[in-house]
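Thank you for making the time this morning. I would like to walk you through one structure, beginning with the overall build of a chain and ending with a single sheet.

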Amino acid sequence: MIALLQAPLARQRRVLRAAMACAIVAALAGVGLLATAGWFLAGAALAGLGGPAAVTGFNYLLPSAGIRAAAIGRTASRYGERMLGHRAALFALAEVRAGLFARIAQAALSGREAGRSGEMAARFGRDVDLLEDAAIRRVSRVGAWAAAIVALACALALGVAALIVLAAGLAAMRVAGPAMATRLLPARQAERARAHAALAADYAEMAAPAIDIAVYGLAPALAEALHERATAQCRAHHAVAQAEAWLAAVQALIAAVTLAAIVLVAQGTAPLLALALLAAMAALEPWSAVAAHDANAPDTRLAQERLEQAGATLATAQPAPVLAARPALTIAGTTLAPGARVLIAGPSGAGKTRLVETLAGLRDDAPQALAIDGYDPRDLGLAAVRPAIALMPQSAPLIAGTVADNLALARPGIDRAAMEAALHVACADDVLAALPHGLDQWLGGDGARLSGGQRRRIALARALLSGRPWLVLDEPSEGLDLATEALLHQRLAAWLDQTGTGLLLVSHRPAMASLAQQAIALG
Amino acid sequence: MDRLSHKAAPARDSRPATRPPRSLRPTAWWMAESAGAIPLAAGLAWAVASRADGALPAWPAATLLLAGGAWRALALARARLTGQAAATRFQDGLRQRLWPALLPSRTARAALVGEDVHLAVDTVDRTEGLVARFLPLRGASALGPLLIALAVAPASWVSAAIMLATLVPFVFGLILAGGMAARRAQAQHRALERASGLFVDRIAHLPLILASGAEERIGRQLAMATQDVARRTMGVLAVAFASNAILEFFAALCVALVAVYCGFALLGLLPFPAPEHLTLARAFYTLALAPEFYLGMRRLAAAYHDKQTGEAALAAIDQALAHAAPIVERPAQPATATPRHLHGAGVVIAYPDGTRIGPLTWDWRGPGLHAVTGATGSGKSSLLLALIGQAPLAEGQIVADGAPWPGDAANALIGWAGQAVSLLPGTLASNLHLAQPGAQRDDAALVDLLTQLGLGPMLARRGGLAMAIDHRGAGLSGGERRRIGLARAILSGRPILLLDEPTADLDPASAAAVRAILARCAQDRLVVAATHDADLAALAQTCCAVDAPAARNAA
């Protein structure tokens, strides 16, 4: 188990132990129910054949009470096992998620490409889910072992040969499961992931020119062209299912052979045979379920490795110089005094976005000479650069949360009045007015889907709230109509005058460009 | 946390309209797997009876156990594989319906490419568990108990009756607990859906969070939110596990009742007259089948997650299909006569986000060249999109020869060349002829046109018209693809050409060549170009400026 998971699971140790105790009780009750019932039946039959005296001598109270106790005990302890096992796993993994976020954030902050740190998010999410699954299954594994041990003890009543047969069968299942899983599955699972990625990439490529598809009626031809990839993906899914089916079938087969062999080598009376056979049967079922989890083991192992690596590449933090409260900027030889308003001009593809993102410390690949307060931002790193610059990226990202959550990112301690004032400057008051819950409106995948223009204005308000000496806006008025754009120009100019904040502007739109007093041309 | 305190949405009808068909083969294999329990139970009964009797050999018991076990192993594998095959078939059909609806409607639905990829690929994948596992198991769980009761009846009809009798309180208990679980899950659904996505969302937005210097605050909030998810999930699970416990209880009760009845019957101590004569073999066979009675339902309960995932996926697909249907299924009117006069008055395009473009007025007569000008982002492309029914028209009317312009129903009249160009796997020639399949091909003229467009060097380098195009557009650059799109529009022979920035990103010589080609096209077609290029606009008979508050018409 990896270090990341160890401490949180240790904190759940008591719950985990209680869950495992429940799992053991449930396993014992499960095996006990069938074994006692079998022994009771065989004993009762023999007593019934032995005549009235034998019947009177047969103690039926104890086994019939045992059967009822086992039935109730199995139900209660299985419930306890599930509840406590899930509780331990869910709370431990909740802690892992929070810890992982902190680690990845730290690593990104001291690395050189903080701007790309979000790319693996979905993968991290799936990986932690896999570990959660594995943690839950650890509990049921204990139950399977307990059942196996009881069944072995019962088999001893049939002689050493029967014990050896059952032990051999159980061992064979444990060997076959992981062996088949490691031999058959990783390649097929990797192929499945590859096929999925190839289909998604091709679909993305082909779906992009939507107008061509509509005008020329290309959808059937494209669907046909993608069919091959989809078929490949289905084949890959089938190959994984096949391996998993084989794995389960081999487990069932070994269990059947074991049971048959016990019958052949068993010694002892009919009640003992009944007891041990049913105990073995009851133990073999959860035992083969353990092997079904072997199918996930290769995936889980890979997930663990990926998570261990995540955030492990901590660069040694260099002591960064403290920048002036209102630093000057130098861009490609032009030095900009604090409070200057500058347009970064140039045709599409000239690298304007790359330049401002490099200046903001999110990447390091702009070819121009850059400096903040005399230091190259590529050497300073994001942690040192960010007090100087508030960037509103072109993509205007919003986190899943309320409008207020998004605005509160800017800095600690922003009150609602300040938020509303910033939204007003960003011309987003109408956006806010249209949202049923105002500042508390949840923005995200569900319901309130905002347009590009609306997102941009909220992101702009967030940049305004951050109170940094330089405001860097990448295409702030894309998707706005002319009247709103004019209003935005007017309010932004007044806000800049009032706060003395410097402005770096990337914009194609002439109305916005007139906010700047000077221009730096790229390209 | 206040973000989690929103009231859950009122119960939605969660039954998706897209229903997977009943899959009989995997259900039959699951039943066959259940039937394998019969020889297994017979083998156990034989083994114990032969031991009690002493006269009977043990090998038939071993043979029955082996045969039953092998049969079950085989049936289990077949059930899984046929289930997978059913899922493959279902997903295949789903893609054939979904993709042709999604692909041409993306712009009109205002969906991002990534959103559509998620829907077309990932969401379809998520139906796998529902079709491959849950549905076959549901069929088997309904029939399985009856099969087992039927197999038990010849040995002990009373035991069969006992098993069936436990079903009644079980079903009542399950309905009660199931209803409670569903209500609890529904009440938590929205909060859980939001909060459980936060971890991925916060990592995805790490650049923004880091640039804002908010990583510690967000980290603290996330720690609280993840704990909250765990707490709420446990709340939902508590009820789900309770209904599972009901199942477990009746499964155990079924075994216990059968065991006690059989035991007392064998002892002759039943408190009522014995309704049947039991032997050890019969009683043991009955007991060995008792756990199988509820096995199907226990398996079904384990596959419940597959059901939820699959039905959520189908609901999302239904929603997308419902969005796309009115766009894709608009009646395609037969391309009537080519309009000689396309006229718009007071046209306003209003997107759902509130962005308004216009009012725009134009007066285009064909054949001829007309320009739409304006700064980037001003809505030039939107005007072209409105002409093909892909942008929402809020006010005004587009009129062709005195009749309302039918929007995308007139697509067969239109040759389009835009910013993104669709390429199909095949050759360059097949891609250029996409718009008029079956037409006479004049390769020399084709090469001539491509050379004029400045694609000569690319043709020479990549093997001419026979150049292979793969799924990824053969690594052509954006500029090359756009000129191929332009050539395709011209070659389509369609009477109206709508061109978005036909001369952008071209060197001066190529741009001049394109202008000459367009001027030639304009002699017998209606050519409308949205452009920044002042030289091209100068060639136009009219120029509709999108930038200005009121469109200017310089006819």
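What follows takes chain A as a whole, then its domains, and then a sheet in chain B.

Please keep in mind throughout that this is a predicted model. Chain A contains 19 helices and ten strands. Its radius of gyration is 34 Å, whereas the globule rule gives 24 Å for 523 residues, so chain A is more spread out than a compact globule. Along the principal axes, the C-alpha atoms of chain A fill a box of roughly 110 × 55 × 50 Å. Even so, buried residues account for 52% of the 523 residues in chain A.

Let me turn to the domains. The assignment for chain A gives domain 1, covering 3-309, and domain 2, covering 329-521, and the centres of these two domains of chain A, taken over C-alpha atoms, are 51 Å apart. Where they meet, six residues of domain 1 of chain A are in contact with eight residues of domain 2 of chain A, and the residues on the domain 1 side comprise two nonpolar, two polar and two charged.

Now to chain B, where four strands form an open antiparallel sheet in the order E2-E1-E4-E5. Strand E2 (356-365) and strand E5 (403-404) of chain B each have a single partner strand, so one side of each is left without a neighbour in the sheet. Strand E1 of chain B, residues 341-350, pairs with E2(B) over seven bridges, and Ala350(B) has Arg356(B) as its bridge partner in E2(B). Finally, helix H13 of chain B, residues 380-387, packs on this sheet and touches E1, E2 and E4 of chain B, with its direction at about 115° to that of E1(B).

Technical notes: Residues are numbered from 1 along each chain as its sequence is written. Chains are lettered from A and ligands numbered from 1 in the order in which they are written. This is a predicted model: local features need pLDDT of at least 70, side-chain atom pairs count only at pLDDT 80 or more; totals for chains, interfaces and linings use all residues. Helices (H or I, at least four residues) and strands (E, at least two) are DSSP runs, numbered from the N terminus. The radius of gyration is taken over C-alpha atoms; the globule rule is 2.2 Å times the number of residues to the power 0.38. A residue is buried if 20 or more other C-beta atoms lie within 10 Å of its own, exposed if 12 or fewer, and partly exposed in between; C-beta atoms are placed from the backbone. Domain bounds come from an automatic or database domain assignment. Two residues are in contact if their C-beta atoms, placed from the backbone, lie within 7 Å. Ala, Val, Leu, Ile, Met, Phe, Trp, Tyr, Cys and Pro count as nonpolar, Asp, Glu, Lys and Arg as charged, and the others, Gly among them, as polar. Two strands pair if DSSP finds at least two bridges between them. Axes are lines fitted to C-alpha atoms, for helices over the stretch in contact, and angles run from 0 to 180 degrees between N-to-C directions.
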